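Please work through each task before reading its solution.

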Amino acid sequence: MFDEVQKELIYSLLENDKEKIYEIMNDRYPVDMAIILEKLSDTSLLKFYKLVDNQRMAEILEQASEKLQVRMIKLFDFEAIVKLFFYMSKDDIADILGKLPIYMRKDLLKMMKEGDIKQLEELLGYDEESAGGIMTTEYIALKGDLSIGESLKKIKEIGPKTEVIEIIFVLNQNTELIGMADLRDILVEPEDKKLIEIMNDNIIFVYPEVDQEKVALLVSKYDLKAIPVINHKNSLLGIITVDDIIDVIVEEQTEDVLRLGGVSKEERVDTTLITSIKKRLPWLFINLVTAFFASFTVGLFEDVIAQVVALAAAMPIVAGMGGNAGTQTLSVMIRSITLGEVSLKKNWRLVFKEVALGVINGAATGAITGMILYMKYENLYLGLIIFAAMIGNLVIAGFFGFLIPLLLKVFGIDPALASAIFLTTATDVFGFFLFLGLAKMFLPFLIHT
């Protein structure tokens, strides 16, 4: 679909058909237009900019990917970029500026209004993954002693310039945040009533240094449309809107999934070969080291495997099932840790549930595996050994799948980043040791038949 629209857009640009270009834009969201523009040449992109008004172009720039944003900044002259920034919220401008080389950022800031520069520099000073880094400074904050009538006049005046209008933040005479009022309540109350009388003073707020993941949990837990960011003097610094929180949730989920696979969040399908090698190879080396531990464990029982070749065929089953069961536990744990539902101090007893789960699941899968091996090799002891080993390895998988991410969290290490490596090592090493150890104990019975 996008390819057809892109061809249509290129033809319209060649013909300078402004009417057709606007027709294409009117049928699509800015984010869809940004996707289409990514594949245009620099010449076509410049031509598109010259034929489109600044407000529409700003909407597209705001929704564009990081790659396209930087490309546009470098392609357009700075005066044009500053004009586009006029139609954008401060937090989005700060996000774009933060991706630019320092010299370009400084040159752009010099061309902007003094008041805007101060706000942007403040936003740029926060970590990009903190509450301060994702907040916007475009909101409505009114003094609590204003009447409803006076408040409505202010809202009409300020509203068009703000990102959120349905929530009004209420301040006292010292400009401290003391409450929030819903626009709906303001509209239905008598005009002579004070704003402070209808506000909700039970405020959920965050400090600017709080991690964006914790902010997302608060917004989700309390079903908020926006959450205020305050300093330690209770002064309102900015707000974080629900659309920014959705972006955070998607970003954090993507990051966790990629890290579980040992891949950096910065890597994409079209990332250069050299960059992909640098991002992936270190983790493969770490995996290689852990694989040697498993290999060393198998090497301890070479004489047993040499005498009972069937063991070599059964080993991958034990290791594979342990790894899969551990990954199930690990996935549940990382999600629970991310949502703040579990901690080592409060929930360590839940490990017994995972152990019980390992016994039950291990017995179920081990019984089926044992029967199949018994029928194939006509050796009852081989079936019993794999039955016992399957139970043992799934218990190990549940135990380590539960504890590893919690322990990593205690030591300040991202559980999604390193859990899988330690878990794979544990299930492989202990699984092989248990299975082959049992085989060695019952070796006379395995050879006899």
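**Exercise 1.** Determine which salt bridge Glu 8 forms with Lys 20, and where the two residues lie.

*Solution.* Step 1: a salt bridge requires a side-chain nitrogen of Lys or Arg within 4 Å of a carboxyl oxygen of Asp or Glu. Step 3: the pair links distant parts of the chain, with Glu 8 in helix α1 (residues 2-14) and Lys 20 in helix α2 (residues 18-26), 12 residues apart. Helices are DSSP runs (H or I, at least four residues), numbered from the N terminus. Step 4: Glu 8, Lys 20 and Glu 23 are linked in a network of salt bridges.

The model is predicted: local features need pLDDT of at least 70, side-chain atom pairs count only at pLDDT 80 or more, and totals for chains, interfaces and linings use all residues. Residues are numbered from 1 along each chain as its sequence is written, and side-chain values use heavy atoms, without hydrogens and water.

**Exercise 2.** Classify Lys 353 and Glu 354 as buried, partly exposed or exposed.

*Solution.* Step 1: buried means under 20% relative accessible area, exposed over 50%, and partly exposed in between (1.4 Å probe, protein chains only). Step 2: Lys 353 has 52% relative accessibility and therefore counts as exposed. Step 3: Glu 354 has a relative accessible area of 10%, so this residue is buried. Step 4: the two form a salt bridge, their closest N and O atoms being 3.7 Å apart.

**Exercise 3.** State how many salt bridges the rule gives.

*Solution.* The count comes to 6 salt bridges. One of them joins Glu 189 and Lys 193 at 3.3 Å, N to O.
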